[in-house]
Amino acid sequence: MLVFFPAPHVFHCEPTNMAACSVEELLAKAEQEEAEKLKSISVQKELDLEFDVGNLLACDKNRIETRDLREKKRNDFLRALARDNTQLLINEIWKLPTERVEEVIVAKLPEQTTRLPREKPPPKPKPPTKWEQFAKLKGIQKKKKTNLVWDETAKEWRRRWGYKRANDDTKDWLIEVPETADPNEDQFAKRNKAKKERVAKNELNRLRNIARAHKVKTPGEGLLPKAQQSKDELAKAVSVAKTSTASVGRFQDRLPKEKPPKNSGKKRKFEPLIGDFNSEKQKQLELLKIMGSKTPKLDITKAVNTQMREEDREEAAARRRKGAGGKGRKGNTAGRGKGKGPKGKGGKAGGGGGKRRGKPGKH
Amino acid sequence: MRPLTEEETKTMFEKLSKYIGENIKLLVDRPDGTYCFRLHQDRVYYMSEKILKLTTNFSRDKLISVGTCFGKFTKTKKFRLHITALDFLAPYAKGFGVAAKSTQECRRVDPMSIVVFHQADVGEFIRSEDTLT
């Protein structure tokens with residue numbers, strides 16, 4: 001710590017009387033002043049003061065007479081005492097090494113020797129993280145790892161993690177596509193995405209550890225404080241809130257137009273083990289009858305769907321044709337291709353409809 | 001143990017119909033008692049209701065098998081028919097044959113070679129006189 005003070009300043013009283021003009025008197029006065037100055041600088045004390053110059057602290061353990069603290073002389077005594085002790089402290093400061101910084105003498109203060117008490121209470125021990133709990137359970141010790149790792153490709157020592165780390169697989173300029181992978185897949189993007197996922201997962205776990213340490217309740221189910229909630233999230237939050245009652249939501253009132261919740265639980269519901277044998281038999285016989293009748297049941301819906309898709313595609317093609325300035329050829333091939341599409345699965349209705357649609361596509 | 005769901009029943013019946021055709025209803029609806037299919041750890045068992053009622057006394061991990069095992073459902077929900085079902089399928093089988101070649105050979109062989117022998121019993125020639133050429 002550095003201390004600035006403009007000029008050597010010594011506490012002393014200015015002589016008020018300047019009447020005498022003779023040289024002798026002047027000399028005497030000057031001598032007197034000198035003596036006074038010196039006297040002012042040196043202070044006699046019974047016990048030496050204890051100094052902590054780093055804190056600019058001086059401790060005076062000398063005894064104080066009670067008669068000095070009487071009413072009349074009290075202020076003067078205290079002032080004199082303060083002046084003396086401050087003088088001693090300044091003397092100590094002058095003993096330190098000084099340097100001149102921009103026409104100012106500056107002293108370099110040493111380290112503080114007084115131990116100051118804590119400003120705030122000591123931190124509470126953090127609860128162990130999930131990994132720490134697991135490691136303690138399994139008896140896994142922390143292994144000291146080297147800071148730098150040899151990077152074979154770069155032929156130099158690189159840090160184990162962080163900026164410009166060794167063996168960074170996202171920085172490969174050449175990646176062989178494995179045989180089992182889709183040839184159109186972007187391997188570089190795949191690696192980058194995997195890295196982002198790892199980073200996000202790490203961040204999530206870190207925040208969860210912090211939340212657990214501060215005993216902040218994180219919503220496992222329910223609304224997270226986001227700007228925009230999606231419809232699914234809100235619906236889920238509503239259903240969770242509804243079932244969070246003592247009767248698990250059975251007697252909760254519903255809004256006038258609210259539909260009763262479908263079975264949104266994870267558990268599948270099966271028929272009871274010993275149900276009604278006759279009804280079971282009937283169901284199975286009906287199933288056999290349907291299977292045996294050989295009429296395709298779902299094909300109607302399939303045909304309708306394919307028909308609708310066809311119509312949509314035709315509309316899109318017509319729009320494109322108009323936009324492209326009536327290039328008929330493009331429309332033709334599109335129409336014919338679509339006409340041949342749903343023949344296989346659609347059954348008669350779908351196939352016929354598709355074929356019929358194909359013809360106007362030619363124009 | 002639980003009864004089969006609609007999809008599981010459908011898959012199983014489709015498989016059985018390949019072997020016994022229409023006669024599955026004779027398995028479902030039997031004159032001599034109510035029999036049922038139950039699923040236990042992905043295996044389908046065929047048993048009478050009397051046995052089923054006795055089975056309720058066993059816990060899941062202690063129960064190994066009930067009645068006859070018809071087959072099992074694989075991880076991808078396909079139905080695999082087991083040899084233990086033969087006794088029930090045999091009376092209603094669409095046809096019987098003996099494999100002429102092993103499975104591996106059958107795959108590699110040309111289209112015109114013989115893969116199945118139909119071993120007739122003594123009276124078959126007389127029984128199906130009209131249908132045989």
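Predicted model: local features only at pLDDT ≥ 70, side-chain atom pairs only at ≥ 80, totals over all residues.

Entry, interface. I looked up the area buried between chain B and chain A and found about 1,800 Å², of which carbon and sulfur atoms give 74%. On the chain B side I noted that P3(B), F13(B) and V28(B) lose the most area to chain A, and that together they make up 23% of what that side buries. For the contact itself I recorded 22 residues from chain B and 16 residues from chain A.

Entry, cavities. Which residues line the largest cavity? From chain A I listed F277(A), E280(A), K281(A) and Q284(A), and from chain B I listed V28(B), T34(B), Y35(B) and C36(B). I then assigned the lining to elements: α6 (277-293) of chain A and β1 of chain B each supply at least two residues, with α6(A) giving the largest share, four residues. Sorted by class, this lining holds four nonpolar, two polar and two charged residues. I note that V28(B) turns up in both entries, as a residue of the cavity lining and among those of chain B that lose the most area to chain A.

Entry, sheet of chain B. I traced an open sheet of four strands in the order β1-β2-β3-β4, with antiparallel pairing. Why do β1 (35-40) and β4 (79-81) of chain B each have one side without a neighbour in the sheet? Both stand at the edges with a single partner strand, so one side of each is left without a neighbour. Direction ignored, neighbouring strands of this sheet are turned by 30 degrees against each other on average. Looking at one pair, I counted three bridges joining β3 (residues 68-73) to β4(B), the two running antiparallel, and I found G71(B) opposite L81(B) in β4(B).

Entry, hairpin of chain A. Here I found four bridges between β6 (residues 148-151) and β7 (residues 156-159), which run antiparallel, with L148(A) opposite R159(A) in β7(A). Four residues lie between the strands of this hairpin, and K155(A) takes a positive phi near 55 degrees.

Notes
Residues numbered from 1 in each chain as written. Chains lettered and ligands numbered in written order. Heavy atoms only, no water. Pairing = 2+ DSSP bridges. Axes fitted to C-alpha atoms, helices over the stretch in contact; angles between N-to-C directions. 1 Å grid on protein atoms, 1.4 Å probe; cavity = no way out; pocket = protein on both sides within 12 Å on 5 of 7 lines; lining within 4 Å. Nonpolar A, V, L, I, M, F, W, Y, C, P; charged D, E, K, R; others polar. Contact = heavy atoms within 4.5 Å. Buried area = accessible area lost by both parts, 1.4 Å probe.
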